[in-house]
Amino acid sequence: MNASAESPEMRTTPLKVFAPASIGNVSVGFDALGLALAPLDGTLLGDVVELRPGTGSDWNLDVTGPFSDKLPPDPEANIVTACCRLFAETAAERGIPVAPLDLTLDKRLPIGSGLGSSASSVVAALEGLNRWYGNPLGSRDLFRLMAEAEGRISGAVHLDNIAPCLYGGLRLCPPGGQAEYALPWPARWQTVVCWPGTELVTREARSVLPESLPRATAVQHAAQFAQFVHALYTGKTGLAAASMVDLIAEPSRRRLLAGFDDAREALLGRGALTVGISGSGPTLFAIADDSDVAAELAAWLRREYCATDRGFAHVCRVDLGGARSID
Ligand SMILES: Nc1ncnc2c1ncn2[C@@H]1O[C@H](COP(=O)(O)OP(=O)(O)OP(=O)(O)O)[C@@H](O)[C@H]1O
Ligand SMILES: N[C@@H](CCO)C(=O)O
């Protein structure tokens, strides 16, 4: 933790917290596995929330950054303001008075992208608030608030973006609880993510999912999930990649992603170990264990999968730092 040395009452210097992009679902482990990402070229792929002493009687939020234009103009409709109010209510219940602050959200992740955009705002805001006030909430309480805020926006509580975004790495977060666990991730793997420049709202991408699955599919998914975890712990990277098959969401969602099937075929033909939908899409991810292959996949995706000039592709390593203060 990088909490400032200033006491909460005296703090005058701004505090900036960064929270990384993440993939929620890595093909296998629907709603239960998430991976934090850091582009190899040093691009800050994630939202930043800056906190400053308040200048008014209520919370005050400004929004800047490359994707600020895609957010509702009313600060009350921004999840960061909702996080401030949630944090203040929770602190008040514990007898901790919280004076409103001025905040700026640097909106660096596209909305409805499949890169955990709302989770990144939620984690940066709540982590920043807790640090600002001297960490009055324990890590479990803070995690619970983040889950609640994310659930409000995406229509269902799933922790597969929140957990990696907050703690970094690959996280296992069994649905229905607050527990989450770190899993290993192959050091050699590079993850290429490409956001095509279009939006797919999570609620909509969840509405096409089947309510129930045939028993054979459920059994196969459970076996693949277990095999994936075994392969990670034993360093069998080929087996891990082969286990990354999406039997739950991709069959219904791929039709929502223009060009996904062609992209997968082309990327596998260029040496990708596996290709999948990042979160609820439309971002696509591909994994490579060779830098040249990863660079070629990213170049292909920029050329062929990007549908607008706002789209991008990054070659990433796993982000092990999670949410952190930055200068
Ligand atoms: N700070 C914020 N960041 C992102 N979305 C926000 C924020 N504040 C409000 N919203 C609204 O929340 C909704 C987020 O939609 P959705 O859950 O599809 O996005 P997402 O988190 O970007 O998705 P994904 O997890 O696939 O990246 C949008 O309607 C958006 O306008
Ligand atoms: N696991 C969630 C992530 C949303 O970003 C889904 O696939 O709907």
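The model is predicted, so keep its ground rules in mind: local features need pLDDT of at least 70, side-chain atom pairs count only at pLDDT 80 or more, and totals for chains, interfaces and linings use all residues. Residues are numbered from 1 along each chain as its sequence is written, chains are lettered from A and ligands numbered from 1 in the order in which they are written, and side-chain values use heavy atoms, with hydrogens and water left out.

**Stop 1: ligand 2**

You will find Gly-24, Asn-25, Phe-30, Asp-31, His-158, Asp-160, Asn-161, Thr-202, Arg-206, Arg-253, Gly-279 and Ser-280. This shell holds one nonpolar, seven polar and four charged residues. Here Ala, Val, Leu, Ile, Met, Phe, Trp, Tyr, Cys and Pro count as nonpolar, Asp, Glu, Lys and Arg as charged, and the others, Gly among them, as polar.

Now look at individual atoms. A nitrogen atom of ligand 2 is 2.6 Å from an N or O atom in the side chain of Asp-160. On the arginine side chains, an N or O atom of Arg-206 is 2.7 Å from an oxygen atom of the ligand, and one of Arg-253 is 2.8 Å from an oxygen atom of the ligand. The protein covers 97% of the 260 Å² of accessible area that ligand 2 has on its own (Shrake-Rupley method, 1.4 Å probe).

Why does ligand 2 lie between domain 1 (3–182) and domain 2 (185–318)? Both domains give residues to its shell, so that is where it lies. The domain bounds come from an automatic or database domain assignment.

**Stop 2: Asn-25**

Stay with Asn-25, one of the residues around ligand 2. Asn-25 has a positive phi of about 90°, although it is not a glycine. Find it in the loop between strand E2 (22–24) and strand E3 (33–39); strands here are DSSP runs of at least two residues, and helices of at least four, numbered from the N terminus.

**Stop 3: ligand 1**

Select ligand 1 next. How many residues surround it? There are 21, and the closest are Gly-112, Gly-114, Ser-117, Ser-118 and Thr-202. Helix H2 (residues 117–132) gives the largest share of this shell, three residues.

Zoom in on the oxygen atoms of ligand 1. One is 2.6 Å from a polar backbone atom of Gly-112, and a polar side-chain atom of Ser-118 lies 2.4 Å from an oxygen of the ligand. The protein covers 89% of the 620 Å² of accessible area that ligand 1 has on its own.

**Stop 4: Pro-282**

Finally, select Gly-281 and Pro-282, which are joined by a cis peptide bond with omega about 5°. Pro-282 lies in the loop between strand E10 (274–277) and strand E11 (284–288).

Notes
A residue is near a molecule or strand if one of its heavy atoms lies within 4 Å of it. A polar contact is a pair of N or O atoms within 3.5 Å; within protein, one must be able to donate a hydrogen and the other to accept it, and residues adjacent in sequence count only if both atoms are side-chain atoms.
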